[in-house]
Amino acid sequence: MDMKQIRLSVLDQSPVRKGVTAEQAVQETIELARFVDQLGYTRFWISEHHNIGSLAGSTPEVLLAYLGSQTKNLRIGSGGIMLPNHSALKVAENFRMLEALFPGRVDLGMGRAPGTDRLTASVLNPSNQFSEQAFVEQLMDLQNYFHDTAENGPVGTKIRAIPQVQTVPATWLLSSSGQSSMFASHFGMGFSFAHFINPVGGAQAVQLYRSRFQPSADLAQPETNVALFVFCSEDEERIQQQQALMDYRFTQLEKGGNLMPVNYNDIKNVTYTLAEQERIKLNRRRVVTGTPDVVKAQLTQMANTYEVNELIAVTITEHFEDRLQSYQLLAEQFGILEPQAIIN
């Protein structure tokens with residue numbers, strides 16, 4: 001695959017850096033969206049997490065309304081709405097309102113995971129059954145609400161999703177296990193694999209999705225992308241520090257830690273058990289870090305392996321300036337950056 005064909009997108013989780021407030025973290029997400037809009041990125045997705053103090057992004061549907069007003073060319077969307085936390089009707093109304101505000105620019109990416117612990121999920125939605133069948137029924141209901149075809153649903157035509165706008169958000173299913181590829185292909189939705197969560201089996205899941213894809217009223221051909229952690233820098237020391245921070249975060253997460261914000265000085269002398277070192281080796285497959293030429297080569301290989309032409313970069317750094325710079329270097333390497341947009 002010619003690297004010039006590769007489109008770049010962003011998944012942002014509004015990370016709360018050490019010494020930074022949640023309010024500042026949200027402002028950084030807004031600034032990043034404006035920045036990558038100028039750089040020529042394709043889409044800007046934001047995540048839904050709950051009860052995790054180091055990630056401020058809990059309500060994509062609220063933040064998207066503002067991000068749309070601050071950008072011009074980006075597709076804006078959720079990466080994703082954790083569907084079991086919500087009623088299908090309310091999701092449909094939220095995203096129909098976003099379509100009313102920004103027609104043709106909205107992506108509704110959805111996941112089956114709660115984006116939190118099981119207890120918090122049960123409080124978010126006390127009727128959550130955590131079942132596959134309930135998830136499938138929600139997807140069917142969403143399609144009916146978006147197309148005003150609710151006569152096929154259990155409540156018939158008595159309930160409509162308001163506002164009844166003329167456009168429909170692009171719908172995507174997100175997956176880290178591959179199982180949702182079957183649902184995405186059946187319903188004719190886009191499919192995004194979360195390599196940044198699970199580096200195993202993604203290419204096979206994408207291939208399965210393509211082979212079983214059934215065209216829908218919204219999508220005639222299969223559409224795919226893959227998301228992964230990326231950090232690009234021209235400073236070798238920063239690259240090493242970033243990798244060390246990622247190693248630590250993954251280890252803490254697997255221990256059931258609360259992911260308190262840390263900087264490099266906090267963790268530079270941490271030692272790991274042999275078992276932890278083995279996990280670090282595996283987890284490094286979720287991440288691409290390096291100088292611009294190294295990152296370009298690895299991401300191009302990733303796109304070839306997955307046979308996709310769009311990569312979504314997730315970048316969390318100790319310093320916000322490094323986050324911006326990493327996305328700019330990517331844009332320069334993949335030729336999506338307009339010369340007048342280069343920011344020093």
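**Aromatic contacts and buried rings**

Author: W45 and W172 are both buried. The model is predicted, with pLDDT of at least 70 required for local features and 80 or more for side-chain atom pairs, whereas totals for chains, interfaces and linings use all residues. Residues are numbered from 1 along each chain, and side-chain values use heavy atoms, without hydrogens and water.

Reader: Why is the pair of W45 and W172 called edge-to-face?

Author: Ring centres of Phe, Tyr and Trp (its six-membered ring) must lie within 6.5 Å to pair, and planes under 30 degrees apart are stacked, over 60 edge-to-face, the rest tilted. The centres of W45 and W172 are 5.4 Å apart with 75 degrees between the planes, so the pair is edge-to-face. W45 lies in strand β2 and W172 in strand β5, 127 residues apart.

Reader: What makes F196 and F229 an aromatic pair?

Author: Their centres are 5.4 Å apart and their planes 85 degrees apart, which makes this pair edge-to-face as well. F196 is in the loop between β6 and α7, F229 in strand β7.

Reader: Why is F196 called buried?

Author: Buried means under 20% relative accessible area (exposed is over 50%, partly exposed in between; 1.4 Å probe, protein chains only). F196 has 9%, and therefore counts as buried. F229 is also buried, at 9%.

Reader: How do you know that the charged end of R286 sits over the ring of F250?

Author: The criterion is NZ of Lys or CZ of Arg within 6 Å of the ring centre and within 35 degrees of the ring normal. The charged end of R286 sits over the F250 ring, 4.0 Å from its centre.

Definitions and conventions:
Helices (H or I, at least four residues) and strands (E, at least two) are DSSP runs, numbered from the N terminus.
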